[in-house]
Amino acid sequence: MGFEISDDLLGTFVPILVYWLYSGIYVLLGCFENYRLHSKKDEDEKNLVSKATVVKGVLLQQTIQAIVAILLFKISDDLLGTFVPILVYWLYSGIYVLLGCFENYRLHSKKDEDEKNLVSKATVVKGVLLQQTIQAIVAILLFKVTGNDGSDATVPPSSLIALARQFITAMLVLDTWQYFMHRYMHHNKFLYKHIHSLHHRLVVPYSFGALYNHPIEGLLLDTVGGALSFLLSGMSPRASIFFFSFATIKTVDDHCGLWLPGNLFHVFFKNNTAYHDVHHQLYGSKYNFSQPFFVMWDRILGTYMPYTLEKRAGGGFEAQPTNDYKDD
């Protein structure tokens, strides 16, 4: 029986070996003084750290990278499908927090974001973390109950056509579930007052407030909706990693409050940042219920509010309903 090294070990240690072999070649070539950008004397005298310390530092970093890589290879698809979208949520939100300094691309001014919202950002962070904890628990239980943890190596990978069909199915299921649940939470006065109004405390939406909901709403809209999308589409846990990460990015983008040039979500989706911002305003609270992908249910059922993007006097943009709706 021949000795075999697994792909995960090769993927972990081959880049490290390549690093030192390729570096060693350049160490040997460094003797050709005529091709150096700095002299050998400058290399020895101007650097503020010894080569021995550099080697130790690099080896420490590579050790950490190797440990993380091995753990990543060993983590099952169901755990990745559970926690990667959570990580994506905070990373992508963080990017928009940084981009928020560009006042000329904001749908609301920074001053309005700080003054008009009825909940503090610290409370929003706590609320989102609570919802994500509940979602993670439900996701892990779902993978275990269905017995679909992605660990069966004998199952052939899905074709691109099958994956596309699963993604589109999941998108349609999630949109349908969230439209009718979301709309019902607006029309039922008890549910709106005690549950859904929590999300509408964000009059000026921002990225990491995308999942700020009452825990019951988070369970009904996002967790149950996500579970139905996963089950009815027939996707694997590995495919769900990409689908729920994409859905997370889309949801964050819808709440980011920025209208950035070249944003592909604004090009390919009518359900975008400005569309959802209209819903968060008083005049649009009975319209634009669709989320997170398409606007078909709003159009079919007459809850679509057309709008125009106008330049704001203080810089940036403002979503304004068209004339037909201004007097409603």
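1. The unreviewed UniProt entry lists "domain: Fatty acid hydroxylase" at residues 168-303. In the predicted model this stretch is 60% helix and 0% strand, with its end C-alpha atoms 23 Å apart.

2. The feature "transmembrane region" is placed by the unreviewed UniProt entry at residues 12-32, 53-73 and 79-102. Over residues 12-32 the chain is 86% helix and 0% strand, and the C-alpha atoms at the ends of that stretch lie 33 Å apart. For residues 79-102 the corresponding values are 88% helix and 0% strand, with 36 Å between the end C-alpha atoms.

3. Helix α4 against helix α10. The axes of α4 (residues 77-99) and α10 (residues 237-255) come within 8 Å and cross at roughly 20 degrees. Because angles under 35 degrees count as roughly parallel, α4 is described as roughly parallel to α10. The crossing of α4 past α10 is right-handed. On the α4 side the contact is made by D77, D78, L80, G81, V84, P85, V88, Y89, Y92, S93 and Y96, while α10 contributes P237, R238, S240, I241, F244, S245, T248, I249, V252 and D253. Sorted by class, the residues of this contact between α4 and α10 are twelve nonpolar, five polar and four charged.

4. Helix α7 against helix α9. For α7 (residues 160-187) and α9 (residues 215-233), the axes come within 8 Å and cross at roughly 155 degrees. Angles over 145 degrees count as roughly antiparallel, and α7 is therefore roughly antiparallel to α9. Here too the handedness can be stated: α7 passes α9 in a right-handed crossing. The residues of α7 in the contact are Q166, T169, A170, V173, L174, W177, Q178, M181, H182 and M185, and those of α9 are E217, L220, L221, D222, V224, G225, G226, L228, S229, L232 and S233. This contact of α7 with α9 has eleven nonpolar, eight polar and two charged residues.

5. Salt bridges. Side chains of opposite charge can pair when their charged atoms come close. With a side-chain nitrogen of Lys or Arg required to be within 4 Å of a carboxyl oxygen of Asp or Glu, the count comes to twelve salt bridges. One of them joins K41 to E45, whose closest N and O atoms are 3.0 Å apart. K41 and E45 are separated by about one helical turn, because they stand four residues apart in helix α2 (residues 40-46).

Technical notes. Residues numbered from 1 in each chain as written. Predicted model: local features only at pLDDT ≥ 70, side-chain atom pairs only at ≥ 80, totals over all residues. Heavy atoms only, no water. UniProt positions renumbered as here; feature names shortened; annotations may be inferred. Helix = DSSP H or I, 4+ residues; strand = E, 2+ residues; numbered from the N terminus. Axes fitted to C-alpha atoms, helices over the stretch in contact; angles between N-to-C directions. Parallel < 35°, antiparallel > 145°, perpendicular 65-115°, else oblique. Left-handed = near helix turned anticlockwise from the far one by under 90°. Contact = heavy atoms within 4.5 Å. Nonpolar A, V, L, I, M, F, W, Y, C, P; charged D, E, K, R; others polar.
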